[in-house]
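Please view the model alongside the text.

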Amino acid sequence: MASGNRVVLITGASTGIGKATAIRLAREPGTELVLVARREQLLRELAESLPCPATHLAVDLTTEDAPQRVRAHLEAEHGGRLHLLVNNAGAAWRGSFAESGYANVHRHMQLNFDAVVRLTEALLPLLRASAPSAIVNVASTAGRVSRARTGAYSASKFALIGWTDSLYAEEKAEGVHVGMVLPGFVATEGFPAAELREKALTRWVVSKPEKVAEAIFECGPGGKAERYVPRPYALAAVARILLPRLTRRVLTGGAASNLTTSTTGSNGGSDPAPD
Ligand SMILES: NC(=O)c1ccc[n+]([C@@H]2O[C@H](COP(=O)([O-])OP(=O)(O)OC[C@H]3O[C@@H](n4cnc5c(N)ncnc54)[C@H](OP(=O)(O)O)[C@@H]3O)[C@@H](O)[C@H]2O)c1
């Protein structure tokens with residue numbers, strides 16, 4: 001592949017936000033993409049459909065050797081260069097703590113936090129050597145505000161946000177910009193938001209993967225530190241800090257049940273019990 005290109009690696013590129021991000025970034029001149037997820041067929045089809053050079057790697061990011069496999073792929077296929085890492089792969093399995101316990105917390109942390117940290121650790125030397133470069137971590141509004149039955153997911157995203165803020169401060173001097181995107185409800189394979197899309201009252205709160213892809217562009221090459229998608233979701237984070245009693249009342253009252261959604265988890269399986 002051409003050495004003057006800017007190499008962009010996207011995890012979770014087989015569907016949803018990651019796929020939309022690949023399509024969006026492929027429009028930027030001089031981009032070379034690396035698509036990562038588990039389903040090889042989907043990655044291959046996407047790579048072949050893009051208007052820019054693209055390779056793919058099918059890997060489960062929670063496995064022990066995943067970070068080294070991704071790094072070896074970059075070294076073998078892209079000259080060890082990396083200008084943008086989009087840590088997007090993630091999933092949610094709904095369930096109260098009493099029902100789903102530590103096992104559910106652990107599987108969320110493994111994918112939504114540990115896998116991101118481990119991959120970033122393996123690729124940071126390449127990002128520093130390719131600077132100016134960037135990392136974009138896809139967190140969630142659920143990493144600012146937690147609701148019933150989403151505690152394990154929220155915990156993993158709260159952790160990701162805390163770690164990302166620190167990395168931003170540490171890597172600034174190295175020329176590695178660290179941005180963060182916090183989506184609200186976005187209709188995708190893993191997060192269908194069917195309950196919200198069914199009702200006229202709530203349909204408007206559901207956004208599209210393409211909007212998040214644009215925000216990822218802004219927080220990576222665009223140099224922004226963070227973006228909520230859609231922007232008004234930032235009010236939830238503000239309310240949690242400035243109006244905690246009111247926020248708790250809203251999130252545990254009847255209004256919250258209108259915002260309850262099921263997810264399909266990362267294996268295509270259903271929630272333990274749909275909300
Ligand atoms: N949609 C929303 O409402 C919403 C809101 C806030 C935040 N987010 C965040 O946005 C990110 C993308 O989610 P999405 O909405 O686009 O959902 P999605 O369509 O289900 O996409 C999830 C992606 O992650 C990949 N993935 C899952 N487990 C993996 C593993 N073990 N190893 C490697 N790849 C794995 C999946 O591909 P394979 O199955 O092929 O591996 C898929 O490409 C997630 O981090 C999610 O938490 C989403």
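Buried means under 20% relative accessible area, exposed means over 50%, and partly exposed lies in between. The model discussed here is predicted.

Arg227 has a relative accessibility of 8%, so this residue counts as buried. Its salt-bridge partner is Glu218, with an N to O distance of 3.0 Å. Glu218 is partly exposed at 22%.

By the rule applied, the model holds 12 salt bridges. Side chains of opposite charge can pair when their charged atoms come close.

| Salt bridge | N to O distance |
|---|---|
| Glu28 and Arg24 | 2.9 Å |
| Arg71 and Glu75 | 2.9 Å |
| Glu218 and Arg227 | 3.0 Å |

Arg24 is buried, at 9% relative accessibility. Glu28, its partner in a salt bridge, is partly exposed at 26%. The pairing extends to another residue: Arg24, Glu28 and Glu214 are linked in a network of salt bridges.

Arg71 and Glu75 belong to helix 3, which spans residues 66-77. They are four residues apart, so about one helical turn separates them. Their side chains meet in a salt bridge of 2.9 Å, N to O. Which class does Glu75 fall into, buried or partly exposed? Glu75 is partly exposed, with 41% relative accessibility. Arg71 is also partly exposed, with a relative accessible area of 21%.

Key: Residues are numbered from 1 along each chain as its sequence is written. This is a predicted model: local features need pLDDT of at least 70, side-chain atom pairs count only at pLDDT 80 or more; totals for chains, interfaces and linings use all residues. Side-chain values use heavy atoms; hydrogens and water are left out. A salt bridge is a side-chain nitrogen of Lys or Arg within 4 Å of a carboxyl oxygen of Asp or Glu. Buried means under 20% relative accessible area, exposed over 50%, partly exposed in between (1.4 Å probe, protein chains only). Helices (H or I, at least four residues) and strands (E, at least two) are DSSP runs, numbered from the N terminus.
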